[in-house]
Structure formats: structure tokens, C-alpha cells
Amino acid sequence: MKNKTFILFAILLLTTVSAMGQRRHRTPRFDYNINAGITLNQIDGDNAGSYNQFGFHAGVNTTFTLTDDTESPWRMMVEVGMMQKGSRVPNINRLIRLTYVQLPLALTYNIDGTRSHTRLGVGVAPGYLTTAYVSDGGVQSPVTEGNFRSMDRMPFFVDLQYRVGDHWGFEGRVYNSMLSIVDEAGTGTYRIFRSNKGVFSRNVMLGVSYHF
């Protein structure tokens, strides 16, 4: 039920923001994009340090200006998507695969002005955990799966997109969780403050995008 509620909220937010912009402006204040790609993942605090677990990412988003100036290079991005995260720890033969429904929110800047061929963005991407799979030595571990929190509450991310022509583009993102993704606290590594200890996701997304 919580999963369905999060998904419906994300879709409603995206639809409502889009509708408001279309009602107030008949100009290209809003644009629409879809993106898809692969993710390279690791988890800090799990005794492994390489991006050796692959996954997928797919999403749909809209960007819109924050003022009535439709020529402004500053825009806000709202997205609904799915993303696989996780880790592979070869020395103990552990595999972690986590699938999230995400709601990335970012402030973006069109580096080359209103042409918007090159876009840089920074923001957060809270996600709801839909499935967690953990295996140790080839054996599934439901106990370890249950340790992961239902929300990755505050992953910070940086987005870079380069559009080739009017529609297709290449996109890359780097994600870094700022809060622990497991229930246990006080172990593993930390973010920013030593008191903020736990286990954290780090992810790289490489993909393509299509602009409508």
C-alpha cells in the first residue's frame, strides 16, 4: 500500500505541476523528456569499493522556468522514474540488488543559454524501495534484505545532459546518499559528520534522453 501511495503521489505531482504551467503559459515554458540507461553501483560501508554492480534507470520528467521569463536558462526539473542500486562484494560472494521508485527534483542551468543543448543540474532524488534482493554465497538472505529502509531519503545528485539536435541527447548522473539506507546506525562509514554513520549508496547513471 505504501508503495502504491508513493507512486501515485509522484505521478500526481508531476501531472499537477505540468497542468499548472500549461494553464498559465502557452509558450514553451515547460518541456518533456524521457530517459533510460544503465547504472554502475556501489555501497559505502559494505567492505567493497568499486562500481561493479550494474542496473538500469528509466524516467520521465518535465522542466520549467521559475519565473515568467521563458528565455531564462534556469529551470526546475521534476521526474518520476525507477532505478536499480546495490553492490557486489567478491571477497565474501555477496550480491545486493535494490530497486527504487524515485522522484528526482533538481535546479538546472542551460549552459549555452536558451538553446538548452548543454544542461547542468543539482538536486535530490528521494526513492521508495520496491524490492530488495541479497544473496550471500549464492544463498538468498531475507534477514539482510529486511535491514534496508523503505526510503532512500536524501540522495544528492548532479546531472549533465548534452542534446544532439532537437530531440536526442546523452545524459550522465552521479548519485550519493546523504543518509544511511539501512536501519542499523553507528557502523560502516559516514557522510559529512562522523555522527552520521551507516551504509550509503553511490551510483553513476549513463544513458540517453528524448526531448518532446
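Let's start with Arg191 and Asp44, whose side chains meet in a salt bridge, 2.7 Å from N to O. Keep in mind that this is a predicted model. Where do the two partners sit? Arg191 is in the loop between β12 (189-190) and β13 (197-198), while Asp44 belongs to strand β1 (residues 30-44), so the bridge ties together parts that are 147 residues apart in sequence. And are they buried or exposed? With buried meaning under 20% relative accessible area, Arg191 counts as buried at 10%, and Asp44 counts as buried at 11%.

Now stay with Asp44, please, as it also forms a salt bridge with Arg202, where the closest N and O atoms are 2.8 Å apart. Arg202 lies in strand β14 (residues 200-211) and Asp44 in strand β1, so this pair links parts 158 residues apart in sequence. Arg202 itself is partly exposed, at 30% relative accessibility.

On to another pair, friends: Lys85 and Asp152 form a salt bridge, with 2.8 Å between the closest N and O atoms. Here strand β3 (residues 74-89) contributes Lys85 and strand β9 (residues 151-152) contributes Asp152, so the parts being tied together are 67 residues apart in sequence. How buried is this pair? Lys85 is buried, with a relative accessible area of 1%, and Asp152 counts as buried at 1% as well.

One more thing to find on your screens: a network of salt bridges links Glu79, Arg119, Asp159, Glu171 and Arg173.

And how many salt bridges does the count come to? Ten. Thanks, everyone!

Definitions and conventions
Residues are numbered from 1 along each chain as its sequence is written. This is a predicted model: local features need pLDDT of at least 70, side-chain atom pairs count only at pLDDT 80 or more; totals for chains, interfaces and linings use all residues. Side-chain values use heavy atoms; hydrogens and water are left out. A salt bridge is a side-chain nitrogen of Lys or Arg within 4 Å of a carboxyl oxygen of Asp or Glu. Helices (H or I, at least four residues) and strands (E, at least two) are DSSP runs, numbered from the N terminus. Buried means under 20% relative accessible area, exposed over 50%, partly exposed in between (1.4 Å probe, protein chains only).
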